[in-house]
Amino acid sequence: VGGGVGVGGGSSSVLEEQVEMGSVASQDFAAGRRRSASGLLSLSAEDKARIGQLIKVLAQERRDKEAAKGELNAQRAKVQDLEREWESSKQRERAMVLRMNRSLCLLREYQ
């Protein structure tokens, strides 16, 4: 029974260490956020304006990129349609040439 308590006590010790480590990690994260926030607060108005402008430019670039992707996909679909149409035209041409050759053969036979 005493050994069982010791094992249980060991588990609780490991659990306490994990909780403590998690607590330390969350404190470090919170401290990092505070430093980051205080870093932004300490910037000049001009620097803040530059950062704001860069964020706007980045957002516009992302929108432009998405629009370009959409246009590219539309063009790819159009090319595929044209390729299918071209293939179909080639098949029709082959069929017409074949019919014309048969007709010429028939005409030659009856002359």
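A salt bridge here is a side-chain nitrogen of Lys or Arg within 4 Å of a carboxyl oxygen of Asp or Glu. The legends below describe a predicted model, in which local features need pLDDT of at least 70 and side-chain atom pairs count only at pLDDT 80 or more, while totals for chains, interfaces and linings use all residues. Residues are numbered from 1 along each chain as its sequence is written, and side-chain values use heavy atoms, with hydrogens and water left out.

**View 1. Salt bridge between Glu87 and Lys90.** The closest N and O atoms of Glu87 and Lys90 are 3.8 Å apart. Both residues lie in helix H2, three residues apart, about one turn of the helix. Helices (H or I, at least four residues) and strands (E, at least two) are DSSP runs, numbered from the N terminus. Glu87 has a relative accessible area of 34% and is partly exposed; Lys90, at 26%, is partly exposed too. Buried means under 20% relative accessible area, exposed means over 50%, and partly exposed lies in between (1.4 Å probe, protein chains only).

**View 2. Salt bridge between Arg50 and Asp47, with its network.** Elsewhere, salt bridges that share partners join Glu46, Asp47 and Arg50 into one network. Within this group, the side chains of Arg50 and Asp47 meet at 3.2 Å, N to O. Arg50 and Asp47 are separated by about one helical turn because they are three residues apart in helix H2. Arg50 counts as partly exposed, at 47% relative accessibility, and Asp47 is partly exposed at 27%. Side chains of opposite charge can pair when their charged atoms come close.

**View 3. Salt bridge between Lys69 and Glu66.** The N to O distance between these side chains is 3.9 Å. Lys69 and Glu66 are both in helix H2, three residues apart, which is about one turn of the helix. Lys69 is partly exposed, with 41% relative accessibility. A search of the whole structure finds five salt bridges.

**View 4. Nonpolar surface patch of Leu40, Ile51 and Ile55.** These residues make a patch of about 270 Å². Patches are made of residues with over 30% relative accessible area and no salt bridge; like charges are joined within 9 Å, and nonpolar side chains (Val, Leu, Ile, Met, Phe, Trp, Tyr) within 5 Å. Ile51 sits in helix H2, which covers residues 45–110, and is partly exposed at 34% relative accessible area.

**View 5. The chain as a whole, with residues 1–9.** The chain has two helices and zero strands. Of its 111 residues, 1% are buried. The chain exposes about 10100 Å², and carbon and sulfur atoms supply 60% of this area. Accessible areas come from the Shrake-Rupley method with a 1.4 Å probe; for residues, only the protein chains shown count as cover. The average pLDDT (the predictor's confidence in each residue, from 0 to 100) is 82 for the chain, and 67% of the residues score at least 70. Over residues 1–9 the pLDDT is below 50, and beyond near neighbours in sequence this stretch has zero contacts in the model. Contact means heavy atoms within 4.5 Å. Where pLDDT is low, the predicted coordinates should not be read in detail.
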